[in-house]
Every structure is written in C-alpha cells, then in structure tokens.
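Student: I would like to work through this chain residue by residue. Can we begin once the structure is on screen?

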Amino acid sequence: MAARAKRAKVEDGSELSPLQSFLQWCDGVGLELSSKVCVSKEGTVAEYGMLAKDDIEDGEVLFTIPRSALLHQGTTKVSTLLEKEQSTLQSSSGWVPLLLALLYEYTSSQSHWKAYLSLWTDFKTLDHPMFWSKEERGSLLKGTGVPEAVDRDLANIQREYTDVVLPFMTRHPDLWNPGTHTLDLYTQLVAFVMAYSFQEPQDEDDDDEDEEKPPNPPMMVPMADMLNHVSNHNANLEFTQDSLKMVCVRPIHKGQEVFNTYGQMANWQLLHMYGFTEPCSSNSNDTADIPVAKVYEAAARGAQSDLDRQLVEEQWGVLCQMTEEEAAFVFGKQGCLTDTELYTALKVLCMSKEELSEFKDNEGWEEDDEDDEKISLALSNEGLSELKASWKRLIYEAAHLTLRSYGDGEDEEKVMDVDRALMEDKAALAGLSCRQWKALQVRYGQKSILHGLMELTKS
C-alpha cells in the first residue's frame, strides 16, 4: 500500500512528502522494514511513530539497518577531518564531533542523509525545557531539579560552542560558516542528539574489566528514532557487528503502537532530555530526589542543644569527605534506589559522640556486617517502617523539607493539594497547555513519591 502511494506521487508529478522521501531513502540504503509495521503520524502518541499492521510475535525483527546508514562522526563526509583534529574537539559532553558532523550534513544540499534530516525541517517539534523561557521553567518546574539541569546545559553548550566549535569552524571556513552554523542551530542540534541519538553499550567481553572506559559516543540511527518510548515497552534495539535490529520483546497486536525504551527514565529525565513525559501513574520508573543537604538540614533541626549542634556539624564534616555536597538520594516507587549511599549517610548522621570519635580514630568503620541485599531490603518500602526511630525521623524530615521546596513556603499538604486537585479535575486537565501538562506529571509524580515516603516513616 505504501509503495503504491509512493508511485502515484511520482507518476502525477507532485513531490514526495518528507516521510515518503525518507522511506524511499531507507529502501536505497538497504534498511529492511518488516511488512508487519508502518511509520505513521496518525494513531501514534507523538509526531511520528510505528504501528503494527498485523499481529507480531515475541522475537520478530521489525527492521534491520546496516551500520553504513548510521550517521556519526565516522560516517559523515567530513569524518577524515574530524578524526585528524579529534584532539582539539575534546569537551565535557564528548558530543562535539557528532555535532560538527550534524552541522555540516544538516545544511548540505548534497548530504547522504538529506531525506532523513529533512524530517526535522526546523526542530519546532522539539520541546525540551531548554526552549522554554526561564520564567516558565521556574514557575512550572520549581523543585523538580529540571531548571537547574537546564541552566547547566545552556551554560555548557555556550562554553562548548565558544571555546571548541567556533575556533574549529574558523580554521575550516570552506566547510563551516558561523553565520549559518550559529549557536542557536548548535543548541537545536544538541536537543536533537539528546532526544534521538543512541549509544552502543560497551562490549561486555572486553578483557580490561578493571579499566573504566568512557561511554561510546552517540550516533543517529534512522528509523529507530521514529519509535516512541514508554516504560512498558514492546521492542528493543539490538546491536550486531554489521547492523542494528529492532526486535519485538512481547506480542504486539494489529493496530497497536510499537514502543522502544530509552532506558529506565523518570519523568523529569524524559522531559529534560527528550521533551515529553509519561502519565506519572503509568511511569513505573519515576523517581524523586532528596538532596543530601536536606538530610543534613533535618539532622540540624533535630539538635536540642549546643552540644547536639556541634555533633551534627562534626558528623556533616565526616559525611562530606565521603560524598559530594551536591549529591542526592534517589527514591523510586518501591523505595530507595541509592540505598548504600543513604545507609552510609544515616549511619554517620545518627552516630553518638563516642561512635563518631571511634570512627575517626579508625579512619572509617570496620567491615560492616550488613550486606547489600539487607541494606536494599531495609530501605525498600517494605523495610522503611522497621528502621530505627532516629533513622526514620531523618528520612521523614528530609522528605518534608524537600516537599516544601516545590512551593513558596507552604506546608507539604498544601503543596500536594494544589496538584492533586488538578490531577483529579478532568476539565482543568483538559484546559492545560502541553507544557503545563508535562510539568504537572513531573511535579506530581515526584511529590507523590515524597509524600508516600513520609507516610512510611512517620512516627
């Protein structure tokens, strides 16, 4: 059916649509697409998506793309130059070579990937918070951690463009032009890479197991990036020596959408990196952070005397040598995901003066009799209510302080009630803008986890 429509377009002299041109390009580069699926803008949760045209069984290959069709710094027309000057393209992100390749290919009329890149004519479909106004981020996402992450991103992007990309482009004016390849376009392409790129997993059979290697650089995988994400996905991308394959991981019925997974992503991560969220009730990977500084603040508030306050300061000094002040403890829907780190913090902040002195004298504690499995169980939803009273109080107060940071000084119940009322009012929900709805899913998901944590640890 798709092939007949394509021929009709050509026969009557009209131009192919961007999607038809892309599918024709896929056929030309050797991408094998199963007859049981189709790419569509209708019936999908986002701009593009993949639908099942027939029932699909577990293990069936939905498409295979040869590695030669992938777009990255090794396949671009300017790959030799990027390889030659790789020492000058180092940055904290590690993305500069791919981004330079994209700057070149996106603006080249002769690009091998023109039909693929033409699917994104102006990047307006990207709605990452980095494209929201600072005021909008601050009002809609206060307390979620997203505004701070975006501020860091934008500062890093500008620094990377100014310090690394511009000098490189100036040295090669025949290939790049700062008038065309602007900071704005560079920022859009960063969001494009965040939302649509893939990273190949490290080879598990590598002999140098003790040597920690940097992650593989990102790459663009045409067709794979058409699939949308849900935590309860039904397909997965597999990497082989010659190609990449999208494989069905559980039965898909005719008419259903095919969903890939971008990993175990909380809603704040999905919004920050991809520009969308899942309904918070259905995202089983949703999380909320409690900054380590909030645990310290909770401990300080519990001090009854000058001696108590002095002890808390000493405990905090010890803990700061073991963890970063900017660190956070991550809680999911089933309990703490950073259980070992939280266990350490609780143990240090609840030490007596004698225990702390002994700890310092020994330069740490002796081998703990608590193994990882016991710690994980103790800090799961099932184990939290059985913790020592002093530990529960710290967790409760830290969750309480974190929850208050979403509002403007209101108590935690008022902070919860505002979004709870919105979530339960169908008419109000329907009246929200797309950005307001996405921000609500992030906020309410995090607040619900923190509120649940308080319920499990209250006296």
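Student: Which residues does S385 touch, not counting residues up to four places away in sequence?
Tutor: This is a predicted model, in which local features need pLDDT of at least 70, side-chain atom pairs count only at pLDDT 80 or more, and totals for chains, interfaces and linings use all residues. Residues are numbered from 1 along each chain as its sequence is written, and side-chain values use heavy atoms, with hydrogens and water left out. S385 sits in the loop between α15 (381-384) and α16 (389-404); helices (H or I, at least four residues) and strands (E, at least two) are DSSP runs numbered from the N terminus. With contact meaning heavy atoms within 4.5 Å, S385 touches K392 and L456.

Student: Is S385 buried or exposed, or in between?
Tutor: Buried means under 20% relative accessible area, exposed over 50%, and partly exposed in between (1.4 Å probe, protein chains only). The relative accessible area of S385 is 32%, so S385 is partly exposed.

Student: Where is T187, and which residues is T187 in contact with, leaving aside its neighbours within four places in sequence?
Tutor: T187 belongs to helix α8 (residues 183-196). Its relative accessibility is 12%, so T187 counts as buried. Its contacts, with the neighbours within four places left aside, are M130, F131, L154 and I157.

Student: How is A345 placed, and what does A345 touch, not counting residues up to four places away in sequence?
Tutor: A345 is part of helix α12 (residues 339-349). At 1% relative accessibility, A345 counts as buried. Apart from residues up to four places away in sequence, A345 touches L319 and F329.

Student: Why are R420 and D417 about one helical turn apart?
Tutor: The two form a salt bridge, with the closest N and O atoms 2.5 Å apart. R420 is partly exposed at 22% relative accessible area, and D417 is partly exposed at 37%. They are separated by about one helical turn because they are three residues apart in helix α17 (residues 412-424).

Student: What links D127 to K438, and are they buried or exposed?
Tutor: D127 forms a salt bridge with K438, the closest N and O atoms being 3.0 Å apart. The pair links distant parts of the chain, 311 residues apart: D127 is in the loop between α5 (114-117) and α6 (134-140), and K438 is in helix α19 (residues 434-457). Both D127 and K438 are buried.

Student: How many salt bridges does the structure hold?
Tutor: Side chains of opposite charge can pair when their charged atoms come close. The pair of E200 and R67 is a salt bridge, and so is the pair of R420 and D417. The structure holds 18 salt bridges.

Methods:
A salt bridge is a side-chain nitrogen of Lys or Arg within 4 Å of a carboxyl oxygen of Asp or Glu.
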